[in-house]
Each structure stands twice: as C-alpha cells, then as structure tokens.
Amino acid sequence: MTLLDYLASHLLAFVVVAGLLGLVVGSFLNVVIHRLPKMMERDWLQQAREMLQPEQPQTEQPVYNLILPHSHCPHCQTEIKPWQNLPLISYALLRGRCGSCRERISPRYPLVELLTAVLSIVVAWQFGFGWPAAGMLLLTWTLIALSLIDADTQLLPDAIVLPMLWLGLIANSFGLFTDMHSALWGAVFGYLSLWSVYWLFKLITGKEGMGFGDFKLLAMLGAWGGWQVLPLTILLSSLVGAILGIIILKTRGDSNSTPLPFGPYLAIAGWIAIIWGDWITGTYLRFAGF
Ligand SMILES: [Zn+2]
C-alpha cells in the first residue's frame with residue numbers, strides 16, 4: 001500500500017498530514033505576505049525610473065524575491081538559521097525573541113502558521129482525501145495570503161489573483177467544485193456585481209468605496225465556487241465587514257479617513273460560501289418555511 005492509498009483510506013491520517021503541511025505552508029505565506037508587496041513596489045519604481053529618465057544608466061538593484069535574500073532579524077540583521085525557522089516550534093523555543101539580539105518577534109508569524117494549519121485541517125476534514133481537497137487547500141492558502149496583504153497594504157496583487165482565477169476555471173472544467181458553465185458565469189458576475197456597486201456608490205457619493213482588486217477577487221471566488229456562491233458571499237462579507245468595520249473604527253477612535261480593505265471580508269465570506277454554502281442556504285430556506 002502506498003502512502004497515498006493509506007491517506008485515501010484513513011481520514012484521520014490525512015487530516016494530520018494536512019495540518020502539518022499547513023504549518024509549513026503558513027511559514028512560507030509569512031514570506032509571501034511580507035515580500036510580495038515590497039517586490040511589486042520595487043518593480044513600479046524601476047518602471048517609473050525607466051520611463052522618466054530613459055537616458056540615465058540604470059543602477060543594478062540587489063536581488064530581492066521570495067527566496068533571496070535569506071530571512072534575517074529586522075532589528076539586528078542577523079540571518080535566521082534553519083532551525084530557527086521551524087513553524088511554531090522555533091517561536092516557542094526562542095520564547096518569541098530573536099536568537100541573537102533578543103528583540104521581540106511579532107506574534108503574527110506563529111499566528112499565521114497556526115491559522116493556516118487549522119484551516120487546512122478543516123478543509124481536509126470536510127473534503128477527505130482527493131482532488132477537491134487539494135484544490136480547496138490551494139484556494140485556502142491563497143486567500144490567507146491575499147487577506148493579510150490587503151490588510152497591510154490595501155493591495156490585492158494581480159500576480160496571485162489572476163492565475164488563481166484561471167486555475168479555478170480550469171479545475172471546474174473537470175467539474176472539481178461545480179460545472180464549467182457555473183464557473184464561467186461566476187467569474188463574470190463576480191466581477192460585474194462589485195463593479196456596478198462601485199460605480200453606483202461613486203455616482204451617488206463621489207467617493208470610491210472599494211478597489212478594482214476586490215472585483216477581481218470576487219471573480220476568482222466565482223470561478224472556483226460557481227455563480228451560486230456569489231449572493232451568499234456578498235451578503236456575508238457585507239455583514240462581517242459592517243460588524244468588524246464598526247469595531248475597528250470604534251477602537252481606533254478616528255474618523256473614517258483611511259478606507260478599510262474589503263478583500264479580507266470577501267475572502268472569509270467566499271471561503272465559507274464555497275465550503276458550506278449549500279448547507280447554509282438549505283438550512284435558511286427550511287427555517288424560512290420554503
Ligand atoms: Zn535580532
């Protein structure tokens with residue numbers, strides 16, 4: 001019996017493996033969340049320089065990508081050794097401080113690792129071993145990265161959203177979560193629904209309520225879950241967004257000068273709608289007496 005056969009017939013073993021995989025992936029997501037926006041900014045600056053000063057010789061930029069340079073302490077610049085980079089364990093062993101200068105390390109790093117592991121366990125448990133679980137794990141990891149990048153920088157990088165939109169359509173051409181027809185119209189209506197809200201809001205208030213990244217994110221969710229997940233996704237994200245938005249504004253205590261990113265709410269709502277959408281809608285309709 002191969003390992004894959006074993007995982008296919010033992011749900012608990014698959015759940016444990018998914019959790020461990022989630023820890024490792026969470027560690028990598030920390031790097032993506034931290035570096036991808038910086039990489040994009042470097043790219044924009046480079047392009048702007050080339051456009052504005054084409055005759056000036058371009059200075060060589062030091063390498064900066066998802067692999068290089070190796071991670072280092074932001075305080076003392078000491079490179080982090082491989083054993084200090086183990087998810088959760090290293091943070092616990094080092095008691096949340098840098099190995100050389102003892103400066104505090106943000107608890108966000110282990111929290112992202114833990115969150116990724118927990119959500120991976122939920123997906124493995126819900127779907128069991130197979131291609132749908134693999135697809136849903138990938139989507140889950142993507143949504144974690146996108147949510148935190150949006151929360152940090154108000155950006156939803158095309159470099160992640162667009163390939164994942166295509167991948168959702170391709171996956172559903174094999175009927176992974178829904179049929180091709182539903183997936184295609186999910187992408188189209190996902191984009192158009194928020195696009196219309198955006199223009200309506202802008203015409204009425206003269207302000208921009210959300211960014212174009214949000215339209216693409218909902219298109220991506222529609223491509224994965226089909227158009228059927230869109231109503232619940234929009235409803236849940238508005239609900240969660242309104243509740244958390246009020247809490248954040250109250251605790252921050254300032255006027256709403258900085259717009260709150262909508263991406264994380266869309267991501268949370270879409271994730272719930274794709275996994276439990278049928279169940280939620282069914283239960284609601286039963287209670288409503290249909
Ligand atoms: Zn240090």
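Colleague: Which residues does UniProt list for "domain: Prepilin type IV endopeptidase peptidase"?

Modeller: The UniProt record, an unreviewed entry, lists residues 137-246. Its positions are given in the numbering used here, feature names are shortened, and annotations may be inferred rather than shown by experiment. This is a predicted model: local features need pLDDT of at least 70, side-chain atom pairs count only at pLDDT 80 or more, and totals for chains, interfaces and linings use all residues. Residues are numbered from 1 along each chain as its sequence is written, and side-chain values use heavy atoms, with hydrogens and water left out.

Colleague: How much helix and strand is in residues 137-246?

Modeller: That stretch is 82% helix and 0% strand. Its end C-alpha atoms are 31 Å apart.

Colleague: And how many helices and strands in the protein?

Modeller: 10 helices and zero strands. Helices (H or I, at least four residues) and strands (E, at least two) are DSSP runs, numbered from the N terminus.

Colleague: At what angle do helix 2 and helix 4 pack?

Modeller: About 145°, with axes 7 Å apart. Axes are lines fitted to C-alpha atoms, for helices over the stretch in contact, and angles run from 0 to 180 degrees between N-to-C directions. Helix 2 covers residues 11-52 and helix 4 covers residues 108-127.

Colleague: Switching topic: what share of the protein is buried?

Modeller: Buried residues (under 20% relative accessible area, 1.4 Å probe, protein chains only) make up 37% of the 290 residues.

Colleague: What box do the C-alpha atoms fill?

Modeller: Roughly 65 × 60 × 45 Å, along the principal axes.

Conventions:
Buried means under 20% relative accessible area, exposed over 50%, partly exposed in between (1.4 Å probe, protein chains only).
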